[in-house]
Amino acid sequence: MPSASLSLAEARRLAVANQGLPGRVGATALSALRRLGYVQIDTISVVERAHHHVLWTRAPRANPGAIETLVRAKKAFEYWWHAAAYLPIEDYRYTLARKRALAGGERHWFDRDKKTMRRVLDRVRAEGALKSSDFEAAARSGPWWDWKPAKRALERLFHDGALMVARREGFQKVYDLPERVLPPGVDGAPPSERELGRFFVLRALGAHGLLNLHELGYLRSARVKRAIRAALPELVEAGTIVETRVESLPGNYWALPAFARLTAPRLALLSPFDNLVIQRKRLKALFGFDYQIECYVPAPKRRYGYFCLPMLWGDRFVGRLDPKADRARGRLLVKSLHWEADAPDEAKDALPDALRAFAAFNGVEYRPR
C-alpha cells in the first residue's frame, strides 16, 4: 500500500525541483549532468543544440562548449541511453550490460560485419583515434541505412563497447579504444542484476522526483525493466524510496523520501529534448501540457512552429516559443509565440529578460521590434 500521498501540485513541484529548475547560479555543467543522469545529443542547430541547451537551463554560466570540455577532461562520456547521450563518467559501468548483450549477439540495427569490424578495430588500435572520414569506404555521408561498411562497423563497435567516442570534431565522432578514453580508476566491473535495478531506480528518481513503473522503464530493455521491478520492493522495505499516490492520477508512484524544494519561479525556455519534457505522456498527465515537437511535421500542418520551446514558469508550462538564432545577422528571431490561456502576467513580463539571456547563450542579440 502507498505510504504517502501527494496532490497534483505537490507532484509537479517535486518533478521540477529535482530537475534543477530554475537554473542555479552556482551550478556547473558537471553538477547539472550528474543531477540529470544524462543529456540527449541532438543534431538540430536552429538554436544551440539540445545537449548544450539542457545544461544551460540548469547551470546558467555553462557555455555551449561545456559538455565537450567535460568529455576531454574524462568527466563525461558518450553512449546510447534511450537515445545518443552524454553521461557522467561514474555511470560508465552501468552501460556494460547493454554492451555485453550486443556483443553477445543481441539484435541491433547494424548487423555484425565481423571482417570489417576487425579491420576497423585493428586500424584504431594501431593508429590511434580515428573518424569515419579516415576510412575510404566511409567517405560519403548520408542516412544511417546508406552508411558505408566502415562507418557501420565503427558504430557497431561503439555500441558493443569495443570502441568509445573520445571527442567530437565538427560534430563528427572520433573513436578510440576504451583504455585510451577512460580515466584511471574508473569502475569497469559489470553490475549485477540487483545493482542494475537499484541504479536505474535511484538515478531516475533523483532526476525526476517521482515516477510510475512505466516511466521508470521508459525506453529501457526488457532486462532493465525486470531489474527495476525487482529493485522496487527492496528499496521501499529499506526506506530508501517511498511508494506514493498522486491525486487524480492512476496507479502508484515512487519517490525519494527527502523531497527537493522548488525555489521562486523564473521563466525557463526549455529544449524540446529537455529531460523534463522528453516523456510526452508523463508531461501531459502531470502538467496538463500537450506538447509535440513539430520539426518532423510537414510545414502546412504545424501549429506552433518548427522548433518551438516549451516555456516553464515555476511548476506550470505557460507557453511555446519558436525561435531561430540568425547567426549571420547576430540576432535571435522569435518566429511565433503562443501563451497558454492561464499564463500569468508575471511570466509574460519576464519574457524579454529570458529572451535576452537565451540570445546571449546563443551568441546573438535579442532586439524587440
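Predicted model: local features only at pLDDT ≥ 70, side-chain atom pairs only at ≥ 80, totals over all residues.
Leu219 has a phi near 60°, which is positive although the residue is not a glycine. Most residues other than glycine have a negative phi, and most peptide bonds are trans. Is Leu219 buried or exposed? Leu219 is exposed, at 51% relative accessible area; the cut-off for that class is over 50%.

Phe171 is another residue to look at. Its phi is near 70°, again positive in a residue other than glycine. You will find Phe171 in the loop between strand 6 (164-169) and strand 7 (172-176). With a relative accessible area of 24%, Phe171 is partly exposed.

And the peptide bonds? Leu21 and Pro22 are joined by a cis one, with omega at about -10°. Pro22 belongs to the loop between helix 1 (8-18) and helix 2 (29-36).

Let me zoom out for a moment. The chain has 13 helices and 14 strands. Its radius of gyration is 21 Å, in agreement with the value near 21 Å for a compact globule of 369 residues. Along the principal axes, the C-alpha atoms fill a box of roughly 60 × 60 × 40 Å. Buried residues are 53% of the 369. Among contacts with a separation of 6 or more, 64% come from residues 24 or more positions apart. The accessible surface is about 17,300 Å², and carbon and sulfur atoms hold 51% of that.

Now to helix 13, residues 345-361. Its 17 residues reach 25 Å from the first C-alpha to the last, close to the expected 24 Å. Where is the kink in helix 13? The kink, about 40°, lies at Leu351, shortly before the proline Pro352. After the helix comes Gly363, with a positive phi near 75°.

On to charges. How many salt bridges does a search of the whole structure find? The search finds 26. Let's visit a few.

Asp342 and Arg316 meet through their side chains at 3.6 Å, N to O. Asp342 is exposed at 51% relative accessibility, whereas Arg316 is partly exposed at 31%.

Glu234 and Arg198 form a salt bridge at 3.5 Å, N to O. They too connect distant parts of the chain: Glu234 is in helix 11 and Arg198 in helix 9 (residues 193-208), 36 residues apart. Both partners are partly exposed, Glu234 at 30% and Arg198 at 24%.

Asp176 and Arg180 have their closest N and O atoms 2.8 Å apart. Here Asp176 is buried, with a relative accessible area of 8%, while Arg180 is partly exposed at 35%.

To finish, have a look at Glu78, Glu155, Arg168 and Lys173, which are linked in a network of salt bridges. Thanks, everyone!

Key. Residues numbered from 1 in each chain as written. Heavy atoms only, no water. Helix = DSSP H or I, 4+ residues; strand = E, 2+ residues; numbered from the N terminus. Expected span 1.5 Å × (residues − 1). Bend = angle between axes of the 7 residues up to and from the residue. Buried < 20%, exposed > 50% of the residue type's maximum accessible area, 1.4 Å probe, protein only. Rg over C-alpha atoms; globule rule 2.2 N^0.38 Å. Contact = heavy atoms within 4.5 Å. Areas by Shrake-Rupley, 256 points an atom, 1.4 Å probe, with all protein chains shown as cover. Salt bridge = Lys/Arg side-chain N within 4 Å of Asp/Glu carboxyl O.
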